[in-house]
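Here are some notes for a colleague who has not seen this structure before. Please read them alongside the sequence and the coordinates.

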2 protein chains.
Amino acid sequence: MSSALEKAYDFIKSAIMTGTYQAGDRIKEEWVAEQIGVSRTPIRNAMQKLAAQGFVVVSHHQGGRVANWSSEDLREITELRALLESFGAGIAARKISQDELGALRDLASGMEACARNPTAEDFARITDLNSQFHMAIVEASGNRRLAEVIGNLAHPLLVQRKFSTFDEARLARSMAHHRELIDALAAGKGDWASAIMRAHILASSNADE
Amino acid sequence: MSSALEKAYDFIKSAIMTGTYQAGDRIKEEWVAEQIGVSRTPIRNAMQKLAAQGFVVVSHHQGGRVANWSSEDLREITELRALLESFGAGIAARKISQDELGALRDLASGMEACARNPTAEDFARITDLNSQFHMAIVEASGNRRLAEVIGNLAHPLLVQRKFSTFDEARLARSMAHHRELIDALAAGKGDWASAIMRAHILASSNADE
DNA sequence: CTCTCCATTTTTGTATCCAATACAGATTTA
DNA sequence: TAAATCTGTATTGGATACAAAAATGGAGAG
């Protein structure tokens with residue numbers, strides 16, 4: 001039983017993530033309302049939620065637009081993710097369970113399978129698995145608020161769908177980072193996990209300079 | 001020209017911050033609507049915004065309640081603030097202007113004046129100046145998103161109004177930290193600023209163990 | 001052909017209305 | 001008397017209606 005607000009929230013967020021809505025696009029309430037078969041009211045509530053999280057900006061009498069991140073914004077976000085996720089990885093190394101490690105290994109395998117001869121669909125799947133991978137590590141840290149803050153930070157890789165611009169070498173390096181992260185976590189080495197996570201995030205954002 | 005939504009948002013947030021609403025209190029839409037003279041609609045939008053930022057929790061058909069932070073939550077938040085604010089202070093040391101330093105000195109002086117023989121009002125004023133002081137440093141880092149993330153993290157000192165529980169020695173130490181922070185920033189020493197900021201935040205949260 | 005201004009159309013912001021749900025107090029039953 | 005259920009009321013969630021602001025498009029002037 002999901003409320004109209006939840007439906008609206010999920011719909012808009014996923015439309016932004018998948019690129020149905022491009023950065024800067026205006027989000028017309030009526031259109032969204034028709035798509036999911038509810039009135040404008042829950043759409044507007046969802047929009048406020050998304051605005052508070054930075055995914056859309058709403059200005060008075062101009063409604064909501066998909067946030068249009070400048071390269072400066074993306075740099076800031078990347079830096080914050082590097083800070084927060086490496087912090088989380090460091091804690092996770094001391095706490096992670098065998099089950100959680102197993103889940104990470106499965107996710108890594110899944111990404112590797114997609115990365116062999118990637119089609120457009122494979123890239124989408126990698127993007128999805130990758131964000132699951134990152135969130136799993138943060139959650140293993142046990143700091144729920146950290147997970148929340150990171151979850152609410154727009155993910156440049158998601159927003160820009162950058163994986164598809166990765167060449168073979170970059171993709172391979174990214175996959176190697178995942179495995180190294182798992183090893184560091186399994187070994188309980190917080191410093192190592194923290195460092196490789198930081199490198200992983202900074203490396204993946206290196207394309208647009 | 002502030003919209004009804006903005007009025008509602010500010011009203012509720014400040015009611016939480018100042019303690020008009022205690023943690024766990026139910027926030028009745030109708031009541032807020034009457035207070036500021038608008039209908040329930042903008043109240044509900046504001047509530048979603050506040051929910052996304054973690055200040056209130058809304059559950060289906062039970063409306064909004066002021067978030068009830070557990071001591072675990074407050075520990076998590078403190079840890080995050082220590083991480084984020086020390087990061088910000090480190091960057092700020094390399095960028096801060098003379099004007100911004102002057103503003104910090106004024107805020108420090110203001111707090112010191114209040115701290116001499118503090119009444120209840122003085123404590124409230126210290127709380128206010130203190131959060132201005134912290135935000136000024138974050139803003140001096142130039143990372144707008146960092147400022148946003150920190151601004152949306154509930155401030156345990158604000159929520160619990162902890163300053164009033166500080167004894168003279170703790171208050172004096174806190175004031176000394178502020179001066180040391182200013183010196184570190186003025187000297188352009190990022191590491192120093194970062195370290196003293198971290199100590200400052202962790203010291204101020206040490207009461208409730 | 002382009003620019004500007006005004007009328008029209010869209011779209012948003014807020015209020016109000018109705019339906020769905022939760023909570024509390026009363027009533028019944030064991 | 002205590003527990004369970006029922007019923008009434010309060011409150012939220014969502015839909016609709018209407019007003020106000022902004023976008024749009026076209027006519028006319030340069």
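1. Over residues 2–69 of chain A, the chain is 53% helix and 15% strand, with the end C-alpha atoms 31 Å apart. Helices (H or I, at least four residues) and strands (E, at least two) are DSSP runs, numbered from the N terminus. The model is predicted: local features need pLDDT of at least 70, side-chain atom pairs count only at pLDDT 80 or more, and totals for chains, interfaces and linings use all residues. Residues are numbered from 1 along each chain as its sequence is written, while chains are lettered from A and ligands numbered from 1 in the order in which they are written.

2. In chain A, three strands form an open antiparallel sheet in the order β1-β3-β2; strands pair if DSSP finds at least two bridges between them. β1 (26–27) and β2 (56–59) of chain A are at the edges with a single partner strand each, so one side of each has no neighbour in the sheet. Two bridges join β1(A) to β3 (residues 63–66) of chain A, and Ile27(A) stands opposite Gly64(A) in β3(A).

3. Helix α3 (residues 40–52) of chain A lies across β2 and β3 of chain A, at about 115° to β2(A). Axes are lines fitted to C-alpha atoms, for helices over the stretch in contact, and angles run from 0 to 180 degrees between N-to-C directions.

4. The contact between the chains takes 21 residues from chain B and 21 residues from chain A; residues are in contact if their C-beta atoms, placed from the backbone, lie within 7 Å. On the side of chain B that touches chain A, α3 (40–52), α4 (71–95) and α7 (144–151) of chain B each give two or more residues.

Key:
Two residues are in contact if their C-beta atoms, placed from the backbone, lie within 7 Å.
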